[in-house]
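Reader: I would like to go through this structure with you. Could we take it element by element?

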Amino acid sequence: MDSSARKVEHTVNSAAFPRQFARTRRFSLGVPRQFTVSPDGSRVLFVRTGSGTDAVGRLWQFEHGKEQLLADPALLVGNGSGEVPEEERLRRERARERSVGVVSYATDDAARVVAFALSGALWAVRTDGGAPFSVPAAGPVVDPRPSPDGRHVAYVSRRCLHVVDLAGADRQLARAEGPDVSYGLAEYVAAESMNRMRGYWWAPDSRHLLVARVDTGPVERRYTADPADPTKPPRAVPYPAAGTPNAEVTVQLRSLEGGRIDVQWDRQACEYLVAAGWDAQGPFLTVQSRDQRILRTLTVDPATGATELRHERTDPAWVEIVHGTPARTATGELVLPEDDGDTRYLTVGGRRVTPRGLQLCEVLGVEGEQVLFTASEDPLETHVWRHEPGRGNRRLSRGPGRFTGVGRGGTVVLAGVTPRGAEARVLREPAAGSERDQDAPYEVIRSFAEEPSVTPRPRHLTLGERQLRGALFLPSWHEEGTGKLPVLLDPYGGPGMQLVGRARGWFTCVSQWFAEQGFAVLVVDGRGTPNRGPAWEKTIHGDQLTPALEDQIDALRAAAGHCGDLDLARVAIRGWSFGGFLAAGAVLHRPDVFHAAVAGAPPTDMRLYDTHWKERFLGHPDEQPENYARCSLIGHGHLLSRPLLLVHGLADDNVAAAHTLRFSAELLAAGKPHSVLPLPGATHLPADDAVNEQLLFFQRDFLREALKGRTEED
């Protein structure tokens, strides 16, 4: 079959991809997730939808190699309000939740009692038999969590914290004193920028709780309306933009008998509550200074609320938050990260236990003296490791991919994305003193996710003097040396996310789809992206645009040296969120390299973004205004000379639509033609299947038209 025939065949095959991409919610439906392992390691709980196109989550148990359905929302119809409380809707948006039904759950310590919210109602099920049962609650339920002994369930309703026993006796532990106050919920910056999604923690004795109180009174309000329905009133959202006041977050110790003790720490020095917990050694907090250069681990006296400094990390740029830390072993040794030059180490009791070059990503859990964690020794892969005194570190996940996991009782669930797609495997550890056979089979928890109609074919490259990791996607029908291809850069390129790896994520499928449309697609992770070490991450301190843009350009030129079919006279760039910011910045500042751009949900004015995220990289805008001016697209609109498509959801409460609307107004005032595609009702990640399907076609057609007829002289 010649190349023209292959092109027709693959064009037809890829035509179905946008619809599949949309209806599978980026291939997330049908993938098992949110794993919990019982103390003895015999049972695994998880959530999974019914198929690759079914969006309804169900609760499952995996035991002795068999699956058992514990809760199916279809069988629980008729209970609850039928509406998701606003606080829960925001939690799901923060977590980028794409399903409905049972989307999250929590268990007691024995993993025998499971609680979950469904349409605002509180439900529970016992894993040792019996049907799910409703538990009377005082109102719409958010974030229900059983006590360690399984006798009670705590939950938040209308911003108040309640505890109910399974027989239905409810008590209100903490009452919100006004409309701006909440108990037991994470504030905006905690959920969006610190990865702290919860606001209360049970004590091991099941009689006390550590509770966050949030007062958003000082926070600026934003008003989100639906222009497509002018009859709907606007919704007020507390949003702490860079340089403005944060919510006031305090912590209390509450008892089931009604007792209250205020936890005391120097909130003027450290106003951010980054993490908290309560283990066998007692309650603890992690707090951070406003400039994020100090991170303190504090122990809490449960009798008085007084705190004591246990550890302090400092950094002249910022102290990176590592999820899962601090933690403590059974003997009370602190488990913490430590940054030194080009390596982020894992430390236990103040001792480094990982080698140079192995980058700590996350601490997954501590059991006894063992620490389960993820780390990266190759930027293209992330693996699950276990540290055990006397045995050192062992990598548990095998084969290429990006893995995470959860472990208990000698069992580890390894969940990740591999070149074959999403996988979840159960590893049963051998008895103490024996070694696991590395060829022994895992138990597999099935995924119902659909196989993409487009198969990614990345060519992994190491590019330029900074050894940038990149992936080049060429059309499957293209024969190298037979003709030039227009180039499409498809990055994220910013902190917190890697796109390049030995794994088939949804983004690799999208990049290959654009390749099948006739582009050579290049994806590059530049400076500031994670898992290349602290020095790599912090090269963007004070300037989030210039290094990121330089890396894309250097990688493009280096990739052209690897593949002579890249037409550097026809180069486009597309991206979303930070990637959208990078795409728009590319055509503004380097039109000599980039000839068209699609910018989705781009933060164009750095002062409009939230305090914790933006001040981390650029400082306080009143103290370092030059950093905000340098990185913002606002103020540089007069430079536009290339075709630019701006896409934005009008209900986006992360990157507000004002970013795009103000930038568009500036471009118009400067006489700079551009295109704007507003998405009514869409949040930061559009949820409407029809929108997500057509958006791919719309971008493709815009880029084709923008690059059509270009030559080297243009």
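**Strand E11 and its sheet**

Author: In this predicted model, six of the six residues of strand E11 (residues 152-157) are buried, so the strand is largely enclosed by the rest of the structure.

Reader: Which residues of E11 point one way, and which the other way?

Author: His-152, Ala-154 and Val-156 point to one side, while Val-153, Tyr-155 and Ser-157 point to the other, and all are buried. In a regular strand, side chains alternate between the two faces of the sheet.

Reader: What is the order of the strands in the open sheet of four?

Author: The order is E10-E11-E12-E13, and the pairing is antiparallel. Strand E10 (142-146) and strand E13 (170-174) stand at the edges with a single partner strand each, so one side of each has no neighbour in the sheet. From one strand to the next, the twist averages 25°.

Reader: How many bridges join E10 to E11, and how many join E11 to E12?

Author: Three bridges join E10 to E11, and six join E11 to E12.

Reader: What about the turns?

Author: E10 and E11 form a hairpin with five residues between them, and Gly-150 in that turn has a positive phi of about 80°. E11 and E12 also form a hairpin, with two residues between them; there Arg-158 has a positive phi of about 50°.

Reader: How many bridges join E12 to E13?

Author: Four bridges join strand E12 (residues 160-165) to E13, and the two run antiparallel. Within this pairing, Val-164 stands opposite Asp-170 in E13.

Reader: Let us change topic to E41. Is strand E41 largely enclosed or open?

Author: Strand E41 (residues 566-576) has eight of its eleven residues buried, so it is largely enclosed by the rest of the structure.

Reader: And in which sense does E41 pair with E39, parallel or antiparallel?

Author: Strand E39 (residues 485-489) and E41 pair in the parallel sense over five bridges. Leu-488 has Ala-572 of E41 as its bridge partner. E41 is also joined to strand E42 (residues 596-600) by five bridges, again running parallel, and Trp-576 stands opposite Gly-600 in E42.

Reader: Which residues line the largest cavity?

Author: The lining consists of Val-274, Thr-286, Leu-295, Arg-296, Thr-297, His-311, Arg-313, Ile-321, Val-322, Thr-325, Pro-326 and Leu-336. These divide into six nonpolar, four polar and two charged residues.

Reader: Which strand gives the most to that lining?

Author: E23 does, with three residues. Strand E23 (294-300) and strand E24 (307-314) each supply at least two residues.

Reader: You listed Thr-325 and Pro-326. What kind of peptide bond joins Thr-325 and Pro-326?

Author: The bond is cis, with omega about 0°. Pro-326 lies in the loop between E24 and strand E25 (327-328).

Reader: On backbone angles, which value does phi of Phe-27 take?

Author: Phi of Phe-27 is near 60°, a positive value in a residue other than glycine. Phe-27 is in the loop between helix H2 (17-23) and strand E1 (33-37), and it counts as buried at 11% relative accessibility. Gln-34 also has a positive phi, near 55°, but its place is in strand E1. With a relative accessible area of 29%, Gln-34 is partly exposed.

Reader: And Thr-347: buried or exposed?

Author: Thr-347 counts as buried, because its relative accessibility is 5% and the cut-off for buried is under 20%. Thr-347 sits in strand E27 (residues 343-348).

Reader: Finally, the whole chain. Why does the radius of gyration agree with a compact globule?

Author: With 714 residues, a compact globule would have a radius of gyration near 27 Å, and the chain has 25 Å, so the two agree. The C-alpha trace spans about 80 × 60 × 55 Å along its principal axes. Of the 714 residues, 58% count as buried, and the chain contains twelve helices and 44 strands.

Key
Residues numbered from 1 in each chain as written. Predicted model: local features only at pLDDT ≥ 70, side-chain atom pairs only at ≥ 80, totals over all residues. Heavy atoms only, no water. 1 Å grid on protein atoms, 1.4 Å probe; cavity = no way out; pocket = protein on both sides within 12 Å on 5 of 7 lines; lining within 4 Å. Nonpolar A, V, L, I, M, F, W, Y, C, P; charged D, E, K, R; others polar. Pairing = 2+ DSSP bridges. Axes fitted to C-alpha atoms, helices over the stretch in contact; angles between N-to-C directions. Rg over C-alpha atoms; globule rule 2.2 N^0.38 Å. Buried < 20%, exposed > 50% of the residue type's maximum accessible area, 1.4 Å probe, protein only.
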